[in-house]
Amino acid sequence: MDSVYSGKVLVAGATGKTGSWVVRRLLHYGIPVRVLARSEQKAREMFGEGVEIVTGKIQSLGDVARAVEGCSAVISALGSSSVSGESSPSEVDRDGAIRLIDAAEKAGVRHVAMVSSIAVTKWYHPLNLFGRVLTMKHEAEEHLRNVFGQRDLSYTIIRPGGLRDGEPLQHKLQVDQGDRIWNGGIDRSDVAELAVLSLWVPKARNKTFEVIDEAPEPQTSLEGYYDLLHD
Ligand SMILES: NC(=O)c1ccc[n+]([C@@H]2O[C@H](COP(=O)([O-])OP(=O)(O)OC[C@H]3O[C@@H](n4cnc5c(N)ncnc54)[C@H](OP(=O)(O)O)[C@@H]3O)[C@@H](O)[C@H]2O)c1
């Protein structure tokens, strides 16, 4: 397939469940991929020789700077997995994401897509009991909007409902803006597809939106969902 996007894309959180779908969908479209991974072995086992690997942690400015160097876009599917330590919400969802955004801007990256979550603006939501994860994500979102929402740079922030595992393009989706959705789920593969599409779909530029499944219904493309978003 001819590539629809020219430029190399860094995937942060690539060895995670959503991030690995991001890598697969980038490769599907013939887009060169670099991943930032804590474990080179894990990344190599998952992706083979088809992707470039930068080994490192999101805590290390040096690792992050090496990872973004020479990339034209970044897709972040980073996510915390423990209440404290290097995989905590403050370390990963806020500080790690902010470090990545700043390093990307410094390196000349043009577009950043980030996987966030529904309910990030609701500090009182029960999910926030886990290390204030929603608040941490919201702070990173705000930083991304500030840094990449200016000049000729761009961002796309995807706020999915509860994540499930399944093949992409198998569901009709519901998109919304303003953080009004309280529940619902979506396949990680569709979140990944939306993040990848944001690289070249003009209406994805500088958008923050929520997304969940509506019903099982095969889709030929998810691009049209971006037409439903307002500025
Ligand atoms: N679960 C849900 O229902 C739900 C709902 C809405 C939004 N979300 C959000 O969606 C995103 C993706 O979720 P997921 O379930 O696909 O995540 P996941 O499988 O837990 O993957 C998280 C990724 O982040 C990486 N990571 C964590 N700490 C790191 C560090 N210090 N340095 C470098 N990489 C680090 C992990 O690396 P390793 O592979 O090395 O561990 C992994 O690649 C997350 O932001 C999550 O909060 C989740």
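## Two loop residues with positive phi

Let's start with Asn 206, which sits in the loop between α6 and β10. This is a predicted model, by the way. The phi angle of Asn 206 is near 60°, a positive value in a residue that isn't glycine. Asn 206 has 16 other C-beta atoms within 10 Å, so it counts as partly exposed.

You'll find Arg 132 in the loop between β5 and α5. With 19 other C-beta atoms within 10 Å, Arg 132 is partly exposed, because being buried takes 20 or more.

## Two buried residues to look up

Stay in the loop between β5 and α5, and you'll also come across Ala 119. Is Ala 119 buried or exposed? It has 24 C-beta neighbours inside 10 Å, so it counts as buried. Leaving out residues up to four places away in sequence, Ala 119 touches His 125, Leu 127, Leu 134 and Asp 179.

Now jump to strand β10, residues 207-216, where Thr 208 lies. Thr 208 has 20 C-beta neighbours inside 10 Å and therefore counts as buried. Setting aside neighbours within four places in sequence, Thr 208 is in contact with Glu 141, Ile 157, Arg 159 and Gln 177. Gln 170 is 38 residues from Thr 208 along the chain, and 23 Å from it in space, C-alpha to C-alpha.

## The nonpolar core

Here's a general idea to keep in mind: in soluble globular proteins, nonpolar side chains tend to be buried together. In this model, the largest nonpolar core has 68 residues. Which of them touch the most other members? Those are Val 11, Val 22, Val 74 and Val 112.

Take a look at Val 22.

## How the helices pack

Helix α3 (residues 61-68) packs against helix α4 (residues 90-106) at an angle of about 50°, with the axes 9 Å apart. The two are therefore oblique to each other, and α3 passes α4 in a right-handed crossing. On the α3 side, the contact is made by Leu 61, Val 64, Ala 65 and Val 68, while α4 brings Arg 99, Leu 100, Ala 103 and Ala 104. Sorted by class, that contact has seven nonpolar residues, no polar ones and one charged residue. An α-helix has 3.6 residues a turn, so residues three or four places apart point the same way.

What about α4 and α5 (residues 133-148)? Their axes come within 8 Å and cross at roughly 10°, so these two helices are roughly parallel to each other. The contact includes Ile 98 and Ile 101 of α4, and Leu 144 and Val 147 of α5. Asp 93 and Arg 94 of α4 take part as well, as do Lys 137 and Glu 139 of α5. By class, the residues of this contact divide into nine nonpolar, two polar and six charged.

Note on methods
Residues numbered from 1 in each chain as written. Predicted model: local features only at pLDDT ≥ 70, side-chain atom pairs only at ≥ 80, totals over all residues. Core = buried A, V, L, I, M, F, W, Y, C linked by C-beta atoms within 7 Å. Buried ≥ 20, exposed ≤ 12 C-beta atoms within 10 Å, placed from the backbone. Axes fitted to C-alpha atoms, helices over the stretch in contact; angles between N-to-C directions. Helix = DSSP H or I, 4+ residues; strand = E, 2+ residues; numbered from the N terminus. Parallel < 35°, antiparallel > 145°, perpendicular 65-115°, else oblique. Left-handed = near helix turned anticlockwise from the far one by under 90°. Contact = placed C-beta atoms within 7 Å. Nonpolar A, V, L, I, M, F, W, Y, C, P; charged D, E, K, R; others polar.
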